[in-house]
Structure formats: structure tokens, C-alpha cells
Amino acid sequence: METWSHHLCLGLLLLLLLSAECLGAEGRLAHKLFRDLFANYTSALRPVADTDQTLNVTLEVTLSQIIDMDERNQVLTLYLWIRQEWMDAYLRWDPNAYGGLDSIRIPSSLVWRPDIVLYNKADAQSSASASTNVVVRHDGAVRWDAPAITRSSCRVDVSAFPFDAQRCGLTFGSWTHGGHQLDVRPRGAAASLADFVENVEWRVLGMPARRRVLTYGCCSEPYPDVTFTLLLRRRAAAYVCNLLLPCVLISLLAPLAFHLPANSGEKVSLGVTVLLALTVFQLLLAESMPPAESVPLIGKYYMATMTMVTFSTALTILIMNLHYCGPSARPVPAWARVLLLGHLARGLCVRERGEPCGQPRPPEPVPSPQPPAGPPAGPCHEPHCLCRQEALLHHVSTIASTFCSHRAAQRRREDWKRLARVMDRFFLGIFFSMTLVMSLLVLVQAL
């Protein structure tokens, strides 16, 4: 038993010694390969055997995070993983000559790298490449993976805010090499979203890639580039809850001013209060939106609602003027009595107290007092003469005439008040329907 344990310990020790020797040999071979490769290597020139040969560069982009979308300055900040692959004709070796070593990882500053930059860069600072290693294979294939935080210009269209969708392009290409010297192509039809961190404000719909070949006015040779278009749609839930729903609820209060009694004294105050509240929300919206020619959808809704509230307040003042007509007011015109106090009042069910809905009030005849006949001329010496009774009848007729005139004036005031109630009920239905339809049209955009 002791002999078997002794042999096991010797075997393990021998295995460890062989592993250390193997690792040491591999390290020595890697150093030897590095010295052999970079003995006469320069990173200043394109690594091609023939200067007329085009060097192909494959570009792959992985979107990791949307850091910021500055709508006022129209700048998009992203965190990307950029992978570039190309063939280096001077970094090749036979793996059998170096103990089967088929790839090495070396600093990227030691090898030639393509000068691919972001064309629509919006950063004032000069871009510096990340100091990451490159993977070099024995056949000359070089792979360079580098993280990058990019700030690119993006034209933001806020005409449908907060239900808008944006298209932001990121154009990559060589800054100095033309298409005959360096050709850049995307790997795959779109950027990878496998490691994307979800954004709280924007939902990513995709990031397709497109290769273009353009000729600029400065140079005769073509310049290829690759454009990754980031498709974004705004998450509108927060804006609906904080900006849209309060405006809808406040705008629904504005038509209720027509339902308030005229004697309350709060009809005009309610309209002015709603108008001031909408103005505050309009200012909050203007602070968060970039200055643009196109007015956002929610801004159009605010403007339309404020216009309706202004008109409703003006109509409320006119209707109150009808309600408070004095005793010297003219009678209601015949056409208004027929159309408004007749048909429209029955349709809107505006009735007097105790009057059934839909039935017109029977007109009350207004008596026209006759002027009393004066007493006969000449003195009357009889104590029970009829002339004394006629004088009494004259005074009674005068009182009745005054009462009838007062009642006729009161009747005219009641007609104008009833006309004001009919107009209140009519405009209540009109403005409430318009506000409801506009609010539904805007809220449907969120579905």
C-alpha cells in the first residue's frame, strides 16, 4: 500500500514537471514567433503584397446601450462594440514550425490598422482608438475588437411627439484610403442586438446595415462606406401620463362652464382657469422640445384645446349678456322664438319648472289695456253720482296697465334667460363633443 502511494506521488510530480516544461516551451515559441514576425514589419503601410491590390475590411457592430438622445442638440450617444477583420500579408507563419501555435494576441498599436472613422461624428474631441489587443492567426487574418462610445448627429423629427419614431444613421468609412486601396463591407445584414441593454425611453426596432460607394468632389476615386441605421420608437407611456392625460382632463372641464348657472358667477372664472392651466403645460412642453419648424402632435392638441377654451369663454360672456338683459330689452325676435325657443329647446330638453320635456309652453296672451274714459265735464253735485265710480275705475285700470307692462317686461327677461339656457345647452354639447373627439384621436396614436 505504501509502495502504491509512493508511485502515485511520483507520477503526479512528473506530470506537473512536464506541464511546466510544455508551457515554458510554448511561451518561448510565442516569443520567437513575435520576434520573427516583427523583425522587418512596419505598421505605417498597407499590409498587401502588391500595392495595386485592394485590402478588404469586414466591419461588424454590436449595439450595447443607448446612453443618451439629446433631442435639442440632435446628438445620439451610443455604446458600441466594433469588430474589424482584414488580411495582413506580412503576419503569416507555419504553425508546425512553432509547435502548433496557430494564433497570438498582441497590442493593436504594433500592427497596421484601417483608418475607419465615424463620418457623422458630433464630438468636439478627437477620437482615440481603444488600446485593446488584436488576434492574429497563422494565415494572416487579423481581428480587432474594440469598445467605443460614439456621439453622432441625428436629425430628430418631433412632428409626432410623443408617438414618434426616429432613424439615426452611423456611417463608417476610411478617411484617407479610396475604394481601390481599401474596401469596407458589413458582416451580415444588420448590427447585432444580442447584448443590448433595454432603454427606458426608446425601443429599438432594428439596426440594418447598408453599403454605399460615393464619389466626392475633392477626389476622383470612389469611397465606400457602411451605414448602420438605428430604428427607434419612443416609449410614450410616461408622456401620456404626465403631459397628455392632464391636458385631456383639464380640457374636458372647459365645456362644463356652459352647464354652470349664470347666477353662480363662476362661468368665466372656470374658462380662464382652464386656459391658464393649459398655458402652464404648454410651457413645460416647450422646454423639453427642440426648436423645429414642425409642431409636435401634442403641441397641436394643446393649441387646438386652448383655442376652443378661448372661444368657449368668449361665448360664455355673450350668453351671460343675454341672461342679464334689463327691463328695457327688446322682445326675442320671431325667428329666434320659433327656431331656438321652439325646435332647439324641445330637442335639447330645455324647459321651465314643471313643464314636460319636449312639449312647448303655451303662449300667454298679453292683455292690452284700454285707456279709461274720462269723467264727464262739468261739476257734479250728487253724492252718489256715477262719475265718482268711473274715477275709481280709471285708477284701477292704470294699476292694471302698469302691472301688465311690468309682467310683459318680466316675460321678456324670462324669454332671454331661457334663450341663454338653450344656447348654454347647445354649446355644451358642441364643445364637449369636439373635445372628446380630439382627445380620442390623440390617444388612439398611443395604441
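Q: Contact means heavy atoms within 4.5 Å; going by that, what does S174 touch?
A: Leaving out residues up to four places away in sequence, S174 touches D115, I116, Y119, L182 and Y223. Bear in mind that this is a predicted model, where local features need pLDDT of at least 70, side-chain atom pairs count only at pLDDT 80 or more, and totals for chains, interfaces and linings use all residues. Residues are numbered from 1 along each chain as its sequence is written, and side-chain values use heavy atoms, with hydrogens and water left out.

Q: Is S174 buried or exposed?
A: S174 counts as buried, because its relative accessibility is 4%. The cut-offs are under 20% relative accessible area for buried, over 50% for exposed and partly exposed in between, with a 1.4 Å probe and protein chains only.

Q: Which side chain has a polar contact with the one of S174?
A: That of D115, at 2.7 Å. A polar contact is a pair of N or O atoms within 3.5 Å; within protein, one must be able to donate a hydrogen and the other to accept it, and residues adjacent in sequence count only if both atoms are side-chain atoms. A polar atom of the S174 side chain also lies 3.1 Å from the backbone nitrogen of H177.

Q: And where is S174 found?
A: In strand β7, residues 165-174. Strands (E, at least two residues) and helices (H or I, at least four) are DSSP runs, numbered from the N terminus. The protein has six helices and 11 strands.

Q: What about G178, where is that?
A: G178 is in the loop between β7 and β8 (182-186). G178 is buried, with a relative accessible area of 0%. Not counting residues up to four places away in sequence, G178 touches E221, P222, Y223 and P224.

Q: New topic: which side chain is joined to that of E85 by a polar contact?
A: The side chain of R187, at 2.3 Å. E85 is in strand β2, residues 75-87. Beyond four places in sequence, what E85 touches includes N56, V57, T58 and V142.

Q: Which residues of α3 are buried?
A: K267, G271, V274, L278, F281 and L285. Down the axis of α3 these fall within an arc of 90°, so they line one face of the helix. The arc is that of the directions from the helix axis to the C-beta atoms. On the other side of α3, T273, L276, L283 and E287 are exposed.

Q: Which residues does the UniProt "transmembrane region" annotation cover?
A: The unreviewed UniProt entry gives 236-258, 270-289, 301-320 and 426-446. UniProt positions are in the numbering used here, feature names are shortened, and annotations may be inferred rather than shown by experiment. In the model, residues 270-289 are 95% helix and 0% strand, while residues 236-258 are 74% helix and 0% strand.

Q: What's the mean pLDDT of the protein?
A: The mean is 80, and 79% of residues reach 70 or more. pLDDT is the predictor's confidence in each residue, from 0 to 100. Over residues 13-24 pLDDT stays under 50, and the model has one contact beyond four places in sequence for them.

How values were computed
Contact = heavy atoms within 4.5 Å.
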